[in-house]
Amino acid sequence: MQEPVLSICIPTYNRCEFLIQTLNSIVNSNIFLNSYDVEVIVSNNCSDDNTHSICLEYSQKYPDKIKYFNQEIPVFVDDHIFKTISYAKGQFCKLNNDTCILKEGTLDR
């Protein structure tokens, strides 16, 4: 399997409802569905809502394209951002807020 061109890095904490919408906006794109050019990195900073189970669900549904990391202890926000980016394998990296829903067709361009 080839290395991804783009890593979409999503640090998250207690926003599972928004995260679902954000992930859906990514996984429903043509380029995500039909290639290995895009990987998604989700790092959970010890959320106490349903974030963990949502992330597991997506990472199990797309095991080659969505990588999930669950921090064992909470880390400072800036450190969490850098940690999330450090997991990326893509040639390019996009830091994506867990509430940032991509418009249809955005990744395909």
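This is a short tour of one chain, stop by stop.

The model is predicted: local features need pLDDT of at least 70, side-chain atom pairs count only at pLDDT 80 or more, and totals for chains, interfaces and linings use all residues. Residues are numbered from 1 along each chain as its sequence is written, and side-chain values use heavy atoms, with hydrogens and water left out.

**Stop 1: strand β1**

Select β1, residues 6-12. Helices and strands here are DSSP runs (helices H or I, at least four residues; strands E, at least two), numbered from the N terminus.

Start with Ser7, in strand β1. Ser7 is buried, at a relative accessible area of 0%. Buried means under 20% relative accessible area, exposed over 50%, and partly exposed in between, with a 1.4 Å probe and protein chains only. Show the side chain of Ser7: it reaches the backbone nitrogen of Gly90 at 2.7 Å. Leaving aside neighbours within four places in sequence, Ser7 is in contact with Glu39, Ala88, Lys89, Gly90, Phe92, Cys93 and Lys94. Contact means heavy atoms within 4.5 Å. Now draw a line to Phe82: its C-alpha is 13 Å from that of Ser7, and the two are 75 residues apart along the chain.

Go to Cys9, also in strand β1. Cys9 counts as buried, at 0% relative accessibility. Not counting residues up to four places away in sequence, Cys9 touches Ile41, Thr84, Ile85, Ala88, Cys93, Lys94, Leu95 and Asn96. Ile20 is 11 residues from Cys9 in sequence, and their C-alpha atoms are 15 Å apart.

Finish the strand at Thr12, found in β1. Thr12 is buried, at 2% relative accessibility. Its contacts beyond four places in sequence include Leu19, Val42, Asn45, His80 and Asp98.

**Stop 2: the nonpolar core**

Select Ile10, Ile26, Phe32, Val40 and Val42. Of the 20 residues in the largest nonpolar core, these five, Ile10, Ile26, Phe32, Val40 and Val42, touch the most other members. Such a core is a set of buried Ala, Val, Leu, Ile, Met, Phe, Trp, Tyr and Cys residues joined through side-chain atoms within 4.5 Å. Two or more residues each come from β1, α1 (16-27), β2, α3 and β3 (66-70). The largest share of this core, 5 residues, is from α1.

Zoom in on Val42. Apart from residues up to four places away in sequence, Val42 touches Ile10, Thr12, Leu19, Leu23, Cys55, Lys67, Tyr68 and Phe69.

**Stop 3**

Most residues other than glycine have a negative phi.

Select Asn14, in the loop between β1 and α1. Phi of Asn14 is near 55°, a positive value in a residue other than glycine. Asn14 is partly exposed, at 26% relative accessibility.

Select Cys46, in the loop between β2 and α3. Cys46 is not a glycine either, yet its phi is positive, at about 65°. Its relative accessible area is 23%, so Cys46 is partly exposed.

Asn45 is in the loop between β2 (38-44) and α3 (51-61). Is Asn45 buried or exposed? Asn45 is buried, with a relative accessible area of 9%. A polar atom of its side chain lies 2.9 Å from the backbone oxygen of Val75. Residues that Asn45 touches, not counting those up to four places away in sequence, are Thr12, Tyr13, Gln71, Ile73, Pro74, Val75 and His80.

**Stop 4: the largest pocket**

Select Pro11, Thr12, Val77, His80 and Ile81. Of the 13 residues that line the largest pocket, Pro11, Thr12, Val77, His80 and Ile81 lie nearest its centre. About 230 Å³ of space lies in this pocket. β1 and α4 (77-86) each supply at least two lining residues. The largest share, 3 residues, comes from α4. A pocket is found on a 1 Å grid over the protein atoms alone, as an open set of points where a 1.4 Å probe fits, with protein on both sides within 12 Å along at least five of seven lines; lining residues have an atom within 4 Å of a point. Grid points are joined across faces, edges and corners, and the volume is the space filled by probe spheres set on the points.

**Last stop: Lys103**

Select Lys103, in the segment after β4 (92-95). Lys103 counts as exposed, at 68% relative accessibility.

Methods. Polar contact = N/O pair within 3.5 Å; in protein donor to acceptor, adjacent residues only side chain to side chain.
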